[in-house]
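Hello,

Here is the structure I promised to pass on. Please open it, then read my notes below.

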Amino acid sequence: MAAILFDLDGTLIDSAPDIHAEANRTLAAERLPPLTFAQVRGFIGKGVPNLIARLLEASGQPFEGPQHDRMVARFTAAYETAVDLTVIYPQVVPALTALRAGGHRLGLVTNKPIRPTHAVLAHLGLDSLFETVWGGDSLAVRKPDPAPLLAGLEALGGGPAIYVGDSETDAETAARAGLPFLLYTEGYRKTPAEDLPQAGRFDDFRDLPGLVAGLLATQG
Ligand SMILES: O=C(O)COP(=O)(O)O
Ligand SMILES: [Mg+2]
């Protein structure tokens with residue numbers, strides 16, 4: 001039995017279409033032209049302040065200062081209701097249900113701010129799967145700082161643990177927390193999958209319970 005902690009965007013849910021739409025509304029409010037889906041998807045994973053900085057950079061604007069702060073505030077306020085285009089990745093619910101049935105405790109550690117995190121979990125009916133949920137603004141630091149992941153682990157009572165995520169940030173966070181990392185390869189990663197430090201990877205959630213069991217067996 002273990003504590004299994006999950007990333008959210010690009011790992012359990014495909015939220016990039018909502019984030020792209022909201023990003024372009026935030027740019028439009030500043031009279032800046034829209035960016036493509038691929039551009040915005042590549043900016044997801046390091047939290048909202050970084051997303052806004054990358055939007056401004058791609059728009060040829062200074063990416064710090066009052067405009068940045070105004071856009072962070074606007075995006076964050078709208079984020080809670082930006083759920084209509086978001087879907088759960090295939091087979092996530094059966095996989096997480098099977099892990100819970102196997103006695104594992106599940107937690108969520110995301111860089112998405114905590115209010116939109118709770119909103120999208122409730123919207124998709126995922127909220128009851130997790131015993132603890134940590135957002136990008138739950139602590140003073142966010143991933144790749146290991147603190148939120150370690151806080152999530154402590155909330156689950158410690159013990160053997162695994163972090164499951166889709167990005168460079170998640171791999172680094174797990175390494176800095178000293179936890180094995182399982183990479184979901186269908187998310188928003190930019191680096192080749194084999195180049196990230198990992199204990200295993202999967203492209204189908206049906207494979208996750210078996211991967212977890214194998215990893216825990218090798219850890220003794
Ligand atoms: O808000 C982000 O940048 C991405 O969130 P994630 O940590 O769930 O991938
Ligand atoms: Mg992610």
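A word on annotations before we start: UniProt positions follow the numbering used here, and an annotation may be inferred rather than shown by experiment. Keep in mind too that this is a predicted model.

UniProt, in an unreviewed entry, lists D7 under "active site". Find D7 in the loop between β1 (3-6) and β2. Is D7 buried or exposed? D7 is buried, because 27 other C-beta atoms lie within 10 Å, and 20 or more count as buried. Leaving out residues up to four places away in sequence, D7 touches V109, T110, V164, G165, D166 and D170.

Next, helix α1. This helix covers residues 16-29, 14 residues in total. From first C-alpha to last, α1 reaches 20 Å, close to the 20 Å expected at 1.5 Å a residue. Its buried residues are A16, D18, I19, H20, E22, A23, T26 and L27. They pack against β2 (13-14), α2 (37-41), α3 (48-58) and α4 (66-79). Look just after α1 as well: R31 takes a positive phi of about 60 degrees.

Last, a helix pair. Two packed helices are described by the angle between their axes and the distance between the axes. Helix α5 (residues 92-101) packs on helix α9 (residues 208-218) at an angle of about 40 degrees, and the axes are 9 Å apart. On the α5 side, A95, A98 and L99 make the contact; on the α9 side, L208, P209 and V212 do. By class, that contact has six nonpolar residues, no polar ones and no charged ones.

Best wishes

Notes:
Residues are numbered from 1 along each chain as its sequence is written. Chains are lettered from A and ligands numbered from 1 in the order in which they are written. This is a predicted model: local features need pLDDT of at least 70, side-chain atom pairs count only at pLDDT 80 or more; totals for chains, interfaces and linings use all residues. Helices (H or I, at least four residues) and strands (E, at least two) are DSSP runs, numbered from the N terminus. The expected span of a helix is 1.5 Å times one less than its number of residues. A residue is buried if 20 or more other C-beta atoms lie within 10 Å of its own, exposed if 12 or fewer, and partly exposed in between; C-beta atoms are placed from the backbone. Two residues are in contact if their C-beta atoms, placed from the backbone, lie within 7 Å. Axes are lines fitted to C-alpha atoms, for helices over the stretch in contact, and angles run from 0 to 180 degrees between N-to-C directions. Ala, Val, Leu, Ile, Met, Phe, Trp, Tyr, Cys and Pro count as nonpolar, Asp, Glu, Lys and Arg as charged, and the others, Gly among them, as polar.
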